[in-house]
Amino acid sequence: MKILTFSGATPAEALKKAQLEVGEEAMLIETREVQKKSLGKSALYEIVVGIEEDSLPKPRAKIEEPLMKQRPLAQKSSDVLYNISEAAKQISKIAEVTEEEQRPARQAPAAESEDLKRIKEEIEKLGDKVKLIQNMFWDEKSPKTSAPIPPEFAEIYRLAQQSGMDQNHLDEIMQLTLEHMPSKMRESSSTVKRYFQVLMRKMIPVRLETSPKNGGKKVIMLVGPTGVGKTTSIAKLAARFSYLLEKKYKVGLVVLDTYRIGAVEQLMQYARMMKLGIETVVDPPEFSSALNALRYSDYILIDTMGSSPYDKGKIEKIYECLQGNETDYSVDVVLVMPSSIKYEDLKATYDNFAPLGIDTMMFTKLDETRGFGNIFSLVYETKVPISYFSVGQEVPEDLVVATSDFLVECLMNGFGKGENL
């Protein structure tokens, strides 16, 4: 493609020069003001257009054809839309200034200069091109559902797809949205987005945080792969229950992760800082004894050895501890997983830890990813509720009690630390 620049006293004059030189098949890329109008100097505007070198002038009815032939629509339509939209915005802004400059001091407000009329005509043409390309792009990428999907769904579909959501889940939700959304709401992409968010909130199961009942206690075991942040999450929960809630609870810690000396030392350091009781378990028969040793606690938090989801031996050892629990305490098993891996890996991790009897899920590293559709797809598929999100390394600040609103906001608008909290 050949890039050419034309200048004129007004945008319309520069555009006219471009049309005379290369014809109307050229693509308008950018319009900019080079020199402002001042005393003794006229304004100067430049427009940048692109044209295929071997292209011949074509009728106006075919003006969109060269845009489609440059590269495959699925690959480059976003770039084309951006360029045309930016050009339209810039011309609109210039038009507002030009209207004031071109109007004589005593001219009636309703009167318009010839240049301004031309600018408005060009803006209308650009708007038509944008709609045409959006519709063509949507026709190619829209899900294959039984009911026709209006172009207003293009934005929400793109956001959800780019978030890492499973394609089958996305298509199912789009179909549900079409079936239940009032027809009047489909006319605007903004109302479509709002309705879609409401629908997703209802599909995300979360477990509300509850305190131990009088005389009772809560035993929470964190399980999951190596390196997902279980030990740091244990410290965050311990600090939360000990210091941050309205009532200061007694917390005890149990360590099953004796394979990694560093992890044990790290948790013991946290226990010393927060003045918490801590017990270590080497073999499954010691598990019940460790729980009984911490019977004075309101919360007992258990850190387990990290392992590959495919390391059946380590998962089996955790299972033996749970099966050998001879106390009256019910153990709440929380699967901890990073939000930064794709849905297929999250699902494989869940499937391999599922024999432990997963009660809730906790997702970490939300500050290290841009897509959250993988989390939505996992809870949508498994129906297992989320209990907490870890959004950074700070203890205890970077822990969020899970809500469906929080996850949907991250999925649709991205995560910004401090903005979603």
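I will go through the strand, its partners and then the nonpolar core.

This is a predicted model, where local features need pLDDT of at least 70, side-chain atom pairs count only at pLDDT 80 or more, and totals for chains, interfaces and linings use all residues. Residues are numbered from 1 along each chain as its sequence is written, and side-chain values use heavy atoms, with hydrogens and water left out.

The strand is S10, residues 386-390. Helices (H or I, at least four residues) and strands (E, at least two) are DSSP runs, numbered from the N terminus. Five of the five residues in S10 are buried; buried means under 20% relative accessible area, with a 1.4 Å probe and protein chains only.

On one side, S10 pairs with strand S9, residues 360-364, in the parallel sense over three bridges. Pairing requires that DSSP finds at least two bridges between the strands. Phe363 stands opposite Phe389 of S10. S10 also pairs with S11, residues 399-401, this time antiparallel and over three bridges. There, Phe389 is opposite Val400.

Ser390 lies in S10 and counts as buried because its relative accessibility is 4%. Beyond its neighbours within four places in sequence, Ser390 is in contact with residues including Ser233, Lys236, Phe363 and Asp398. Contact means heavy atoms within 4.5 Å.

Now the core. Which residues touch the most other members of the largest nonpolar core? They are Ile302, Met361, Phe363 and Phe389, out of 67 residues. A nonpolar core is a set of buried Ala, Val, Leu, Ile, Met, Phe, Trp, Tyr and Cys residues joined through side-chain atoms within 4.5 Å.

Technical notes
Buried means under 20% relative accessible area, exposed over 50%, partly exposed in between (1.4 Å probe, protein chains only).
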